Amino acid sequence: MFVTQTLKNQRIINKTIYLLFAFLSSTFAWSQYTVRGEIKDVKGESLPYVNVLLLKDQDSTVVSGTSSDDNGKFFIENVAKGSYILKSSFIGFETHYKNFTVESDTNVGIITLVESAESLSEIEIVVKKPTLKREVDRLVFNVEKTALSEGNMLEVLRSTPSVLVLDDAIQVKNVNPTIYINNRKVHLSSSELVELLEGTSASSIKSIEVITNPSAKYDADSGVVLNIVMAKNLVTGYNGSVFANYTQGVFPKSNYGITNYFKGSKIDVFVNYNYNNSKIDRVNDEEVNYPDEAWNTHLDRNTWSERHNVGLNIDYSINDNNTISLASNAQFLPYFKYLTTGITNIDADVNVVERFNSNNLSRDKKHNIGFDLDYISQFKNDAQLSLNAHYTNYDYSRDQRVFSDYYGQNNLFLERTAFNTAANQDTEIVTAQADFSTPLGEQSSLEIGTKLSNVKTGSDILQNDIINGVEVIDVNNSDAFDYDEKVYAAYANYSTNSEKLSFNAGVRVEQTNIEGENTLEKNTQDYLEWFPTVSLGYQISEKVNSYINYKRSIQRPNYANLNPFQFYLNDNTIVTGNPNLQPVFTDHYLVGTTLNDMFTFEVYYKKYENNIFELPLQDNATNIITYTPVNIKSTTEIGFDFETYFDVTERWSLYFGSSTYNYKDEGVISGINVERDRWANYSILQNDFSFLKDNSLSASLSIVYIGENVQGLQIVDTRWDTFLSIKKTILKGKGVLSLSCSDLFNKQDYFVTTKFLDQDSNLFINEDSRYFRLGFRYKFGNTKLSTNQRSTSKEERERL
């Protein structure tokens, strides 16, 4: 009886709640209406992509917004009762205002826009030239709505002054920069990053910031930062694009994908996907001079790969002052085949083996997935609180099969050696970060923050030697390696700007705890380090500006370099890591002057302690050469830089930058001090052209010279790089056809010479850098929208 009555009561309660909910829902729905209309010009033709904003009648604050579709029609949903102003604006037309009242679903009818008599021509509005601005700690390259924005992100970086894209790596004045998109680090390796940028449209880029002296807010190992700033837009709607590229180098490659962006009144969603299928050829010729014989090896290295890149960004505005965001970037490598074939000839007075042929086949699988959760709160005094949590999972496996056939005199077969390895690496990265910034008056501000990161990686390798057709475990080359790194950081940064003086100073402190362990040894590191940064700029006159910068930074070794496992190119050539690597500390001093916003002169000095280089170390007793990363004692660099950027004509912009520098390496090899130094030059000439009456045809030509220089006690030969890109806008601006050519004169191949103490070798590197690429991109939807695209990234993930 009690149970029956309870069930009846529960049904009554449920029915009451349901009726109450239905009443509230219907009441809410009845109070929300739709405003629609149509926009045309004075000729009666429909105007697509017109910005339409709904403003409150009392104070003209923005309530909502949209844009007209391909037929000039628009509608705005969820509008409450009240009095409003409808603001319609479009480039080349006078802004139209319409007052109206909403009491039900409202059709405002046809809105006619009148062409502005004072508007610029279509050519001047749609296509403008990139501009360059020098600030005390950075170079700002504005590319929004220029011809460069019709390509991909990588091509924009190629055209950015002082930035070099070479050998699947991005450099700024001989330094590998940290890449940020909207002040969030990109969590990919150098080659993965190049591929991601190459497959991503540049249409929503506002500017590129080359930050040569990052503040204390940035991680301590961010010596130079490239920040890609994406444009913002109030207009709601949907847009997207599809693209396809075909590349012909030594072998063909293809890349295609799609981007989608939706912007609502409260939520923004960006999703992109691209697929890459490639085969790459590299050729190395190596000569190693041992005391009594010389080994000459020709290696042909081919890689086949398929990669899937997926990006997702979701931004939700809780209210005008609070936003929560989720961002994710994932890369999947389901297929990767690496085949190295080699022929080694041995030149000696007396030898049993005259040559051997090697065959090395590896198959890899990999995924790299990262997530960022952000919360941003804005306060009334323009203060801001930002909270971030990040997680990365990186999983990698490699199966390797190696065999070598040995031959004696008269091509007599002697024996075959063979082995296989199975290697795995799993890495997890977790970080948490809080940043708070607040103005201190009209000209000054203060930033403080803290960060915690934890990196755990586990690796293992199993090697089986094949003896008489039987697999036998090689215990000397089978092992497991665990690495655990914790970094606790905090910073404070103060900046002030006046009419003539700009000043920024901050300090970052990082406590690092590391434990690395395999069966033979345990490596423990525990250190507390301070990283100050200072920038001071002074406007001497209207045309002369001078500045002084100082920064201390750190470079931690990447996880692959710490892994002690050995990868064999053949029986006598090994690539391995070094679990005893120490971090690199850098002090960077710079003094510069800019004249007339056109010419820049800089003098700088850098000192690297424990600099890391991968050196080929030959064992003259066993005739084995091992490529392994080592710390050398120090590297000092002093240089003189000159930069200029200006318009030669209305259709030709030119950038020229040149750095003359001395690089000196000092190290201890086998207990003996070794020094190498050399003066070198690094220069870039960048040209941007526009053609045709409507500027729909554009071209970019860059020439890079890298003179003979020292890198890690080795002499690196001179090389040139040339890159030509041509783009044509078609289909009323929605389509872009592009053609690009790299290494036009085949001058990127170079020699690396190692000659000190008992080390004597040289390596010729022939990269697959000469290619042409044909591409097409088509944009659909509201092309006026700018996406919320960004990439999740952390300094810890860079080192994967």
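Reply: His 390 counts as buried, at 3% relative accessibility; buried means under 20% relative accessible area, exposed over 50%, and partly exposed in between, with a 1.4 Å probe and protein chains only. His 390 lies in strand β22 (residues 384-407). The model is predicted: local features need pLDDT of at least 70 and side-chain atom pairs pLDDT 80 or more, while totals for chains, interfaces and linings use all residues. Residues are numbered from 1 along each chain as its sequence is written, and side-chain values use heavy atoms, without hydrogens and water.

Me: Which side chain does His 390 join in a polar contact?
Reply: The side chain of Thr 392, at 2.6 Å. A polar contact is a pair of N or O atoms within 3.5 Å; within protein, one must be able to donate a hydrogen and the other to accept it, and residues adjacent in sequence count only if both atoms are side-chain atoms.

Me: Is Phe 371 buried or partly exposed?
Reply: Phe 371, in strand β21, is partly exposed because its relative accessible area is 36%.

Me: How is pairing in a sheet read?
Reply: Strands of a sheet pair through backbone hydrogen bonds, either parallel or antiparallel. Strands here are DSSP runs (E, at least two residues), numbered from the N terminus, and two strands pair if DSSP finds at least two bridges between them. Six bridges join β1 (residues 32-41) to β4, and the two run antiparallel. Val 35 stands opposite Ile 76 in β4.

Conventions: Helices (H or I, at least four residues) and strands (E, at least two) are DSSP runs, numbered from the N terminus.
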